[in-house]
Amino acid sequence: MILLVGVRAFIDDKAGVYLELRKEIDELLARNSWRAAYCRLGDLWRQEPGQVAAAFVVSRCEKLRGQISLTPFRLAILRSFTVEPLISLLRAVAFLSGIDLQVHLGDFNAYPQEILDRNSLLYQFSPDVVILAAQACDVAPDLWNGFADLSSEEAAAAAQRVVNNYRQWARAFREHSQASLIVHALEQPSVPSLGVLDAQSPLHQRAAFEQINQQLLTIGTELRGVFLLDYDSLVARHGRIRWRDQRKWLTARMPIAADHLIHLAHEWLRFLVPLSGRTAKALVVDLDNTLWGGVIGEDCMTGIKLGAEYPGASYQALQRAMLDFARKGILLAICSKNNPEDALEALEHHPAMLLRPQHFAAMRINWNDKAQNLHEIAAELNIGIDSLAFLDDNPVERENVRATVPEVTVIDLPNDPTDYAAALRDCPVFERLTLSPEDQDRTALYAAERERSHAEQTLTSKEDFFRFLEQEAEVALVVPPTFARVSQLTQKTNQFNLTTRRYTEQQIADIAAEPVAQVSSIRVRDRYGDHGLVGVAITRDRGEDCEIDTFLLSCRVLGRTVESALLAHLAEQARARGRRRLLGCFLPTRKNAPARNFYSQHGFELQSQNGDGSLWVLDLHQVTVSPPAWIKMNIANGGKN
Amino acid sequence: MSPGVFEQVRSIAADLFAVPNHRLTAESSPETLEAWDSTQHLILVLALEERFGFQLYPEEIEQMHNLGDVARVVDAKLHAAKS
């Protein structure tokens with residue numbers, strides 16, 4: 001690999017590199033080297049992102065379907081302008097983020113009918129996510145073009161009409177579909193109709209659009225799974241005057257200049273990555289020349305570059321971006337080739353460090369291979385290796401990780417450290433669309449976990465340890481404030497998950513409303529702190545049976561018998577409702593081996609088995625599931641009958 | 001026409017229309033090529049703008065009846081930018 005990088009450096013002609021890469025990719029595909037071909041497609045895209053590369057990437061990625069792990073995802077776009085040239089750009093960046101996108105396009109300006117008619121092609125397509133991309137000039141033509149003609153009352157009424165339309169569309173959509181909805185907020189005109197006078201009154205044009213956007217935000221908070229895309233900020237970020245191509249708007253209804261289409265595709269991707277679950281749960285960083293400038297082992301505490309002024313400010317900005325990630329529940333970890341004493345001294349005592357040892361959930365500061373360290377970090381954090389993202393200034397280390405641990409998301413850093421923070425913030429794998437209290441405390445929980453596993457090693461018997469933990473569990477039926485967290489657990493839990501059924505917030509709400517269904521959640525607290533809501537069970541009564549649809553537990557509390565406590569509760573409740581048998585399926589996946597023996601360990605009999613999984617049954621009259629004595633159970637509300 | 005311009009245009013079109021290079025000639029046009037529909041025409045225009053860093057006027061786009069025309073428009077545009 002290193003040799004290959006060296007060879008490439010000799011081909012200084014950009015077009016030459018591009019052609020070389022194309023050839024290499026087709027050769028790799030011909031040899032069935034799927035993973036390597038996929039990596040090189042990423043290189044090719046970074047070399048020259050655009051329409052031509054997108055067509056190539058999409059055509060080659062279609063051959064990778066079934067060969068590498070790609071998440072199929074269905075996207076519908078409702079629009080008031082030409083979006084066709086965006087589709088292959090979007091599919092290319094989605095493919096390279098592990099998402100195999102199928103796209104349905106609505107007709108021009110037909111979105112109101114498409115949303116309101118429950119039999120429309122939109123709903124027949126059964127999308128996972130829908131983007132409503134309507135332009136300000138189309139949804140609010142009177143405010144966009146004729147603003148100067150309007151009295152302030154007329155302008156306010158026009159703005160209210162726009163908001164009412166959106167509210168009606170969003171509500172109808174929520175009734176007809178369980179998909180997520182991403183709504184483009186409105187952009188501002190580049191020059192307001194009254195010129196500088198516009199800024200002198202809160203009733204003028206700019207303010208009218210701001211008010212509409214404020215209200216669109218409230219629609220997003222009223223309805224589950226409805227999110228706002230701040231289109232005006234996107235346009236402003238890339239330069240309003242250059243963003244728009246008025247000639248193509250007038251001749252082809254295509255308002256965005258050729259070289260900015262990619263930015264809209266990228267913005268869409270920032271929503272698609274969290275919605276499809278292709279996010280990174282942990283960010284693993286290098287130290288020297290990444291968290292600070294220079295090499296700690298050579299430059300020492302006084303020599304490394306880190307502080308509020310140039311050049312140290314670039315590294316502080318990167319640390320600030322990482323802190324912001326930690327606040328969103330993303331775990332931080334260190335993987336660095338260093339003497340641990342040198343590195344820890346800087347981490348603990350350098351006055352300009354924003355990040356301290358307690359911000360990191362795992363550390364590997366040694367001289368081992370980084371690939372091996374990454375595997376160890378994933379194991380220590382109890383997350384899949386594909387949930388790691390890797391940040392390192394050294395292109396050779398990056399290439400090495402790409403080649404040897406292809407599941408890890410490798411972040412490309414620009415050459416200039418001043419651009420590091422922006423590059424990191426730009427990565428869609430760190431986007432989140434909702435935030436639970438558990439997300440915000442996650443780093444502290446992992447720090448406590450380190451202490452806990454230390455305690456586990458010093459206590460002799462498992463039971464002693466369980467008693468020492470002083471666990472308390474609270475089981476409750478799901479209520480609207482916990483829909484988001486319950487849905488999130490079904491989406492993200494892979495290991496202790498018996499059926500791995502993914503549910504959106506809306507689906508959880510629907511199931512909870514079924515008269516025969518019970519959606520239970522469990523919170524756990526122990527002597528080290530509150531773990532929050534960590535487990536979900538969904539059951540349905542059918543005749544004399546109670547069927548377990550979903551049973552899962554976050555890896556955070558695995559191996560402490562909380563699962564037995566939850567199962568005992570389900571059995572008890574089913575018996576109280578007059579059921580005779582408790583039924584449960586185990587559907588094996590690549591990751592849920594920890595749950596394989598769960599039913600047999602708790603007295604269930606194997607009823608049947610096929611290639612998809614096994615069905616287990618417990619006779620409630622014959623067998624009792626006893627709750628572990630060391631967990632104090634609180635039942636927040638009884639079963640509904 | 002400057003040497004290489006037609007080849008560059010041809011390789012862009014080949015990728016976008018998903019046809020091998022050698023199947024495209026100066027006479028290839030929306031009439032002779034099924035993949036070259038109005039959407040692909042717009043995408044070709046955008047790809048040229050992206051690659052060569054200019055913006056094409058509606059009048060110039062109207063002159064692009066076949067691949068030879070496309071190359072001629074691109075060539076003229078590149079010359080205009082130099083002078």
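This section describes the overall dimensions of chain A, one of its sheets, a helix pair and the interface with chain B.

The structure is a predicted model, in which local features require pLDDT of at least 70 and side-chain atom pairs count only at pLDDT 80 or more, whereas totals for chains, interfaces and linings use all residues. Residues are numbered from 1 along each chain as its sequence is written, and chains are lettered from A and ligands numbered from 1 in the order in which they are written.

Chain A contains 27 helices and 19 strands, assigned as DSSP runs (helices, H or I, at least four residues; strands, E, at least two) and numbered from the N terminus. The C-alpha trace of chain A spans about 80 × 65 × 55 Å along its principal axes.

In chain A, five strands form an open sheet in the order β2-β1-β3-β4-β5, with parallel pairing; two strands pair if DSSP finds at least two bridges between them. From one strand to the next, the twist averages 20°. Strand β4 (residues 180-184) of chain A pairs with β5(A) in the parallel sense over four bridges, and A:V183 lies opposite A:L228 in β5(A).

The axes of helices α16 (residues 296-303) and α18 (residues 340-349) of chain A come within 10 Å and cross at roughly 25°. Such axes are lines fitted to C-alpha atoms, for helices over the stretch in contact, with angles running from 0 to 180 degrees between N-to-C directions. The helices α16(A) and α18(A) are therefore roughly parallel (an angle under 35 degrees). The contact involves A:I296, A:G297 and A:M301 of α16(A), together with A:D342, A:A343, A:E345 and A:A346 of α18(A); residues are in contact if their C-beta atoms, placed from the backbone, lie within 7 Å.

At the interface, 15 residues of chain B are in contact with 16 residues of chain A. On the chain B side, the elements giving two or more residues are α1 (5-17) and α2 (38-52) of chain B, and α2(B) provides the largest share, eight residues.

Methods: Contact = placed C-beta atoms within 7 Å. Parallel < 35°, antiparallel > 145°, perpendicular 65-115°, else oblique.
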